[in-house]
Amino acid sequence: MDGNKPKKSCKVSDEELKRQKEYTALVGSVITSRFSDRPLAFVHTYGCQGNVSDGERIKGILETLGYGFTENIEEASLILYNTCAIREHAEDRIYGNVGAIKKLKKQNPDLIIALCGCMMQQERVVEKIRKSYPFVDLVFGTHVIHKLPELMYRVLCTGKRVFECPDGDGVIAENLPVHRDGVIKGWLPIMYGCNNFCSYCIVPYVKGRERSREPEDIIAEAKELIAMGCKDITLLGQNVNSYGKNLDCDINFAKLLRQINDLEGDFIIRFMTSHPKDCSKELLDTMAECDKVAKHLHLPFQSGNNRVLEEMNRRYTREQYLELAEYARKVMPGLSMTSDVIVGFPGETYEEFKDTLTLIEKVQFTSLYTFIFSSRPGTKAAEMPDPISRDEKGRWFKELTDLQEKIAGERTAKMKDKIYTVLCEGYARDGILNGRTQGNVMIEFPEVEGRDVLGQFCEVKVTEPLTWIVRGELV
């Protein structure tokens, strides 16, 4: 598929959004007539932060339809799973969980079971649900979240199964209601989809092409988050560094960061995910100069070997990645870097895998998200010869995680007796608060009687460095 996307509007029209509001009123009337009390929905989201953000919009729509929410699946009148397709294990878990709720449908035939998200954007999955899970009432893809009122009306009023999983480049639906799962931290999508087509990745096929939100819409939502007391705003996109490429205005991700940084308020800005091929020195300079932008860069490298990177269709080299890391640390000496790594890509040899280890040693990451290669049907990598056994890949994986554990332990040891500004996010356990440094390291510290720091920035001194977290005390 061609990675270039034409510059055209992909916004859902005002007329369509108005139509969905009409369906919202219709569904509300149906629910009022059928339920004596407010019906409850059990909504569970799998996968990435982008999925979590979609889940908040789904819950926002359900709330306007008249649903409340429950964490007890047996209380629910509606069970909705927002699915993830990034790895085989994630899909298997979802099939297992859906199969397990068949008994609930038998006990309550009026129970509505719905599946949405990335898995439902794959034809093979939809056909499996259609044939093997006849008790599932509603299946919809990633491009039609805004049509949930209409889809729910069809389910409620026809009693028939509804499948709505159109293919296409995807859309942007603005002004959807949002049910935020928290106040302290907020997810702010700035773009959707992906044009990169890495050979192992299903995302471009299920999320559609890159499409950026208009900067004024993003700024308006950022202001809403700040006004409601949000202190930690994470900008989301499959590749935030591509932001603005399909827009007609003079904007890119670095400029957007500056605009959000200039908003009034006491908050910190994070973002993910960055693609190394589009990570510019302008962006790194902007991070260094903006006081509200966290000095943390999540920059997935996936492999340290150039041949493997080429087979992955990543479009950068080991040398280019190391140059970026060196420049980033030059302009931000205290920068925390994290990354994603795939172990055992088809055809990768042990000698090539060792290039990944040497890159990790050079960059000294704070932490890594590491995965053994998972074949995704429909991707190019799924058709590549893969002679290395799962057991052998497991041994490589352990070698990598042992190395990163050593690096992480050495990094946290250097934090001892230093003071960090931390946003207190909540309780780790009774009497113990937690929060993250700018570099995304979790700190646990005991609460102090008479000091209410929950949801506030506070100063914490590190007293006990562990491997992946540290412990400390309020200054």
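1. Let me start with arginine 213 and glutamate 174, whose side chains meet in a salt bridge at 2.7 Å, N to O (a side-chain nitrogen of Lys or Arg within 4 Å of a carboxyl oxygen of Asp or Glu). Arginine 213 sits in the loop between β9 (211–212) and α8 (215–227), and glutamate 174 in the loop between β6 (162–164) and β7 (185–189), so the pair ties together parts 39 residues apart in sequence. Helices (H or I, at least four residues) and strands (E, at least two) are DSSP runs, numbered from the N terminus. Arginine 213 is buried at 4% relative accessible area, and glutamate 174 is buried at 8% (buried is under 20%, exposed over 50%, partly exposed in between; 1.4 Å probe, protein chains only).

2. A word on the basis: this is a predicted model, where local features need pLDDT of at least 70, side-chain atom pairs count only at pLDDT 80 or more, and totals for chains, interfaces and linings use all residues. Residues are numbered from 1 along each chain as its sequence is written, and side-chain values use heavy atoms, with hydrogens and water left out.

3. Arg213 and Glu174 also belong to a network of salt bridges that links them with Glu56, Arg57, Arg180 and Glu221. The structure holds 34 salt bridges.

4. Another one to look at joins the side chains of arginine 19 and glutamate 150 (2.8 Å, N to O). Arginine 19 is in helix α1 (residues 14–34) and glutamate 150 in helix α6 (residues 148–158), so this pair ties together parts 131 residues apart in sequence. Arginine 19 counts as partly exposed at 30% relative accessibility, while glutamate 150 counts as buried at 9%.

5. Aspartate 54 and lysine 207 meet through their side chains in a salt bridge as well (3.6 Å, N to O). The pair links distant parts of the chain, 153 residues apart: helix α2 (residues 49–65) holds aspartate 54, and helix α7 (residues 203–207) holds lysine 207. Aspartate 54 counts as buried at 12% relative accessibility, and lysine 207 counts as buried at 14%.

6. Do have a look at threonine 83 too, in strand β3 (residues 78–83). Threonine 83 is buried, with a relative accessible area of 0%. Leaving aside residues up to four places away in sequence, threonine 83 touches Tyr46, Asn51, Ile94, Cys116, Gly117, Cys118, Met119 and Met120 (contact means heavy atoms within 4.5 Å).
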